[in-house]
Amino acid sequence: MGRNTRKRRTPPAIRAIAASAALALGGGGLLWANFHASAHESDNRSWGGDRTKAATAQVVTISCPDVGQQLTDVPARARTEVDGELATLDGQITDAYQRLATTRDAQAQDASFVQNSILQPLQDRRKAIIDRIRLEIDRVGGSAPDSLDALAPCTGAPADRTTAGGWGNTSGPQQGNGATASPGTGTGDAQQGGQQGGGQQQGDGGQAGNGPVAADFVDITEVQPDVRAKPSRTGNASTGTFVTHCGVNANKNHNTDNVIVAPGVANGAHHLHDYVGNQKVDAFAGNQTFLRGGTSCQNRNDLSAYYWPVVRVQDGSQDFDQNADGGGKEGNVGRILTPVQAQIKYVGSPTGKVVAMPQFLRIITGDAKTTTNGLANANAHWSCTGFENKVQLTTQYPICPQGSNVVRTFAFQNCWDGRNIDSANHRTHVAFADESGTCPSGFKAIPQLTMRLVYKITPPVIENGVVKNAYAVDGFPEQLHKPATDHDDFISVTRNGLANRIANCINTGQRCQ
């Protein structure tokens, strides 16, 4: 249906000024449990350029139900077309978000403008795509959920309610673990316009006008410890580890595709990824491409694809993609940071042995859309060197003390259904073990992929409620660069028995690489 030529979700930023709203995503943050927890332009102007400044505008982003997450049973013959239609839904949201960002004068003059000119047309377009999704599923003998039609309407999210679950801060600043922020951290004031380190912070904050805001940062030394103890090991635990050395993407292998979620769709991710491991991953790659793709890993039998959204520092600088889809055109601005360390390690289960990962298994951990979806699938973990065993943040970025570096940690789902290498919503074929380390009924423990990325970042400074020299993870423009949107992607591709070797190493308690 022509989905492989679809370009982007479009760009620009939002310009709402909410004078008293703090955009903190309050309590309900997920606790890191030592890798065994259940995760619960349109015109040519640059972002942050000549835009209206309607002080009365309160709607800061577009919140739409995530249709893809509701499609748990799509027949294989319909998945390519359905994935294409889901990518179109993403594009529609960005188009609406762009219109929201560039019509502040009209919104100030007409209280019904957002509903009549943005949200209602968006609902109509979404309804047409949802109808096509239903037809594609029915055409191959499947049955689409009856609830799909209810997913067409979207809402405009105001500054104090920027998540579907309603965790927006309405009663004072909160840290990601629910603790009250101390004065001076800058987490209690809304962002106002003003210069920051050469970049212009406007509207809803950030150099591009779509975040992050001061409330998205916290001085990690002010956060109470929140890391749980590891689950107790049984006598049958698999205690080994396997480390693969794949580099930090120093060769700058980037693209804005996502072959798992939007195969065949250029710019399907709408943000830039770092790639290590397999070197031939893009929207049009298939399993045979992966086998021929080469690898950045020292172990040449590890052809797996490891990829994650880049982190940028918003200090007024730009990068190569400042005028490109997925980059500056979609609110992802600033200098791209290369990790100074990237550790990829597979670990075992505290309750039993693991089975080898199947070839071409796809796993996504975290949720790129938590700002509108809520935190149910969030699995972001932000910390600082020297604090990782004490504090792991989900809903805020850490401001690290002198001499300490920012750390992103990922712990992937460690249980597999034993049958499928992917699922229609890219989630239900894998799962997290429970707090004891036990997999759900019918699932098998697999080696748990863990990743630790370290960045050397000059600490942001909060002054008068404005964050200077902020850093943020790339994301969809309407997600406002919230830290909870961090996520990671993986495709298992090995040869010459490496998958079995990883499992055997872990099961026999060895330390391998």
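Welcome! You are looking at a predicted model, where local features need pLDDT of at least 70, side-chain atom pairs count only at pLDDT 80 or more, and totals for chains, interfaces and linings use all residues. Residues are numbered from 1 along each chain as its sequence is written, and side-chain values use heavy atoms, with hydrogens and water left out.

**Salt bridges in the whole structure**

- A search of the whole structure turns up 14 salt bridges, each being a side-chain nitrogen of Lys or Arg within 4 Å of a carboxyl oxygen of Asp or Glu.

**Arg408 and Asp486**

- Arg408 pairs with Asp486 in a salt bridge, and their closest N and O atoms are 2.5 Å apart.
- Strands (E, at least two residues) are DSSP runs, numbered from the N terminus.
- Arg408 is buried, at 0% relative accessible area, and Asp486 is buried too, at 1%.
- For these labels, buried means under 20% relative accessible area, exposed means over 50%, and partly exposed lies in between (1.4 Å probe, protein chains only).
- Elsewhere, salt bridges with shared partners join Arg312, Asp321 and Asp474 into one network.

**Arg228 and Glu435**

- The side chains of Arg228 and Glu435 form a salt bridge at 3.3 Å, N to O.
- This pair links distant parts of the chain, 207 residues apart: Arg228 is in the loop between strand 7 (217–219) and strand 8 (241–244), and Glu435 is in the loop between strand 20 (430–431) and strand 21 (444–445).
- Arg228 is partly exposed, with 32% relative accessible area, while Glu435 is exposed at 57%.

**Arg335 and Asp315**

- Another salt bridge joins the side chains of Arg335 and Asp315 (3.3 Å, N to O).
- Because Arg335 lies in strand 13 (residues 335–337) and Asp315 in the loop between strand 12 (311–314) and strand 13, the pair ties together parts that are 20 residues apart in sequence.
- Arg335 is partly exposed, at 38% relative accessibility.

**Val473 and its surroundings**

- Val473 belongs to strand 25 and is buried, with 1% relative accessibility.
- Leaving out residues up to four places away in sequence, Val473 touches Pro309, Val310, Val311, Trp382, Tyr397, Arg408, His481, Lys482, Thr485 and Asp486, where contact means heavy atoms within 4.5 Å.
- Val473 and Leu272 are 201 residues apart along the chain, and their C-alpha atoms are separated by 9.5 Å.

Key: Helix = DSSP H or I, 4+ residues; strand = E, 2+ residues; numbered from the N terminus.
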